[in-house]
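Me: I've got a new model open and want a quick tour. Can you walk me through it?

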Amino acid sequence: MATSNPAFSRSLAFSPSTVATPGAQQLDEMYGRPSASPAQTGRMTYEDTVMKTLIAFGILLAGALVGWMIPALTIPGLIIGLVLALVNIFKKQPSRGLILAYAGFEGLFVGGISQFFNTQWEGIVTQAVFGTLAVIGVTLFLFLSGRFRTSARMTRIVTIAMLGYVVFSLVNFGLMAFGTTSGMFGLRSVEIFGIPMGVPLGILVVFLAAYSLVMDFESIKAGVEKGAPRVYGWQAAFGIMVTVVWLYVEILRLLAILRGD
């Protein structure tokens, strides 16, 4: 039956001539064709997500190089990066441009703070980079081997611990800003039984970051298995990037505390 709607009548897909019952040979050919891959259907894949993640980290490293050479960009990079991070977190649809912009500005912060730490403790950046790669590698290996998985109970505990750490960091920053503490790292420099508080706290936070990394891996796995739109690969890249930067900064600070402030 013809339709009076021009939008339909002008398309061959809705014309009567296109509606035909396929024969046995045609059916056999249809079933013999290979099914479309996730990439062809615009769905999220591991390969595409890895590529997006590498692109994002490439921009972050480029920004870090600029931040290393121009340390004055550290604070602007931190502030703008934080704003972009919040925008990307609360945005309903992932935006490649905003995520790559975050990578660039966050890179300025990472490069600037790395240059500062390396000036105080020569070679510490190299140690922090290898330490970060080691944690990522071990975490990924344990995840792929099925030995490191999240659970509802553990996730609740980690979430509470993260919130507690955020509160501690804000209080510590306030005390340092007003000159209440004398140590370079504020309360983290306070010694308990001869050990700076920042050492056990730093080890705990590294574990929290590693657990967050596992949650990121599981989110990517769920997205691929559920056939999430391909654009969400950028969201996955953003999540991995936030976790890795956090892990790197915490390891950098932990090494600095161990080497003495």
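Reply: A word on terms first: helices are DSSP runs of H or I with at least four residues, strands are runs of E with at least two, and both are numbered from the N terminus. Also, this is a predicted model.

Me: Fine. How many helices and strands does the chain have?

Reply: The count is 9 helices and 2 strands. From the N terminus on, the order is α-α-α-α-α-α-α-β-β-α-α.

Me: What share of the residues is buried?

Reply: Buried residues account for 37% of the 261 in the chain.

Me: Contacts next. Of those between residues at least 6 apart in sequence, what share joins residues at least 24 apart?

Reply: That share is 79%.

Me: On to pockets. What volume does the largest pocket have?

Reply: About 2200 Å³. Its lining has 50 residues. Leu78, Leu82, Glu106, Trp246 and Glu250 lie nearest the centre.

Me: Which helices supply at least two residues of that lining?

Reply: Helix H4 (74-90), helix H5 (96-120), helix H7 (152-177), helix H8 (198-225) and helix H9 (232-259) each do. The largest share, 14 residues, is from H9.

Me: How does the lining of the largest pocket split by class?

Reply: There are 34 nonpolar, 11 polar and 5 charged residues.

Me: What about the second largest pocket? How much space lies in it?

Reply: About 950 Å³. Its lining is made of 31 residues, and Thr53, Phe57, Ile136, Ile240 and Val244 lie nearest its centre. Helix H3 (46-69), H5, helix H6 (124-144), H8 and H9 each give two or more residues to this lining.

Me: Which residues line the largest cavity?

Reply: Arg188, Gly198, Gly202, Glu250, Arg253, Leu254 and Ile257. H8 and H9 are the elements that give two or more residues to that lining. H9 has the largest share, with 4 residues.

Me: And by class?

Reply: The lining of the largest cavity divides into 2 nonpolar, 2 polar and 3 charged residues. Glu250 is one of its lining residues, and Glu250 is also among those nearest the centre of the largest pocket.

Me: Single residues now. Where does Phe193 lie?

Reply: Phe193 is in the loop between strand S1 (191-192) and strand S2 (195-196). The backbone there deserves a look. Phe193 has a positive phi, about 55°, although it is not a glycine.

Me: Why does Phe193 count as exposed?

Reply: Because its relative accessible area is 84%, and the cut-off for exposed is over 50%.

Me: Switch to Asp216. Buried or exposed?

Reply: Asp216 is buried, because its relative accessibility is 17% and buried means under 20%. Asp216 sits in helix H8.

Me: What does Asp216 contact beyond its neighbours within four places in sequence?

Reply: Gly239, Ile240 and Thr243. Ile240 is also one of the residues nearest the centre of the second largest pocket.

Me: How far apart are Asp216 and Met241?

Reply: They are 25 residues apart in sequence and 10.0 Å apart in space, C-alpha to C-alpha.

Me: Two threonines to finish. Where is Thr45?

Reply: Thr45 is in the loop between helix H2 (24-32) and H3. Thr45 is buried, at 10% relative accessible area. Its side chain reaches the backbone nitrogen of Asp48 at 3.0 Å.

Me: And Thr74? Which residues does it touch, leaving out those up to four places away in sequence?

Reply: Thr74 touches Leu108, Phe109, Gly112 and Ile113. Thr74 belongs to helix H4 and counts as buried, at 13% relative accessibility.

Technical notes
Residues are numbered from 1 along each chain as its sequence is written. This is a predicted model: local features need pLDDT of at least 70, side-chain atom pairs count only at pLDDT 80 or more; totals for chains, interfaces and linings use all residues. Side-chain values use heavy atoms; hydrogens and water are left out. On a 1 Å grid over the protein atoms alone, a cavity is a set of points where a 1.4 Å probe fits but cannot get out, and a pocket is an open set with protein on both sides within 12 Å along at least five of seven lines; lining residues have an atom within 4 Å of a point. Grid points are joined across faces, edges and corners, and a volume is the space filled by probe spheres set on the points. Ala, Val, Leu, Ile, Met, Phe, Trp, Tyr, Cys and Pro count as nonpolar, Asp, Glu, Lys and Arg as charged, and the others, Gly among them, as polar. Buried means under 20% relative accessible area, exposed over 50%, partly exposed in between (1.4 Å probe, protein chains only). A polar contact is a pair of N or O atoms within 3.5 Å; within protein, one must be able to donate a hydrogen and the other to accept it, and residues adjacent in sequence count only if both atoms are side-chain atoms. Contact means heavy atoms within 4.5 Å.
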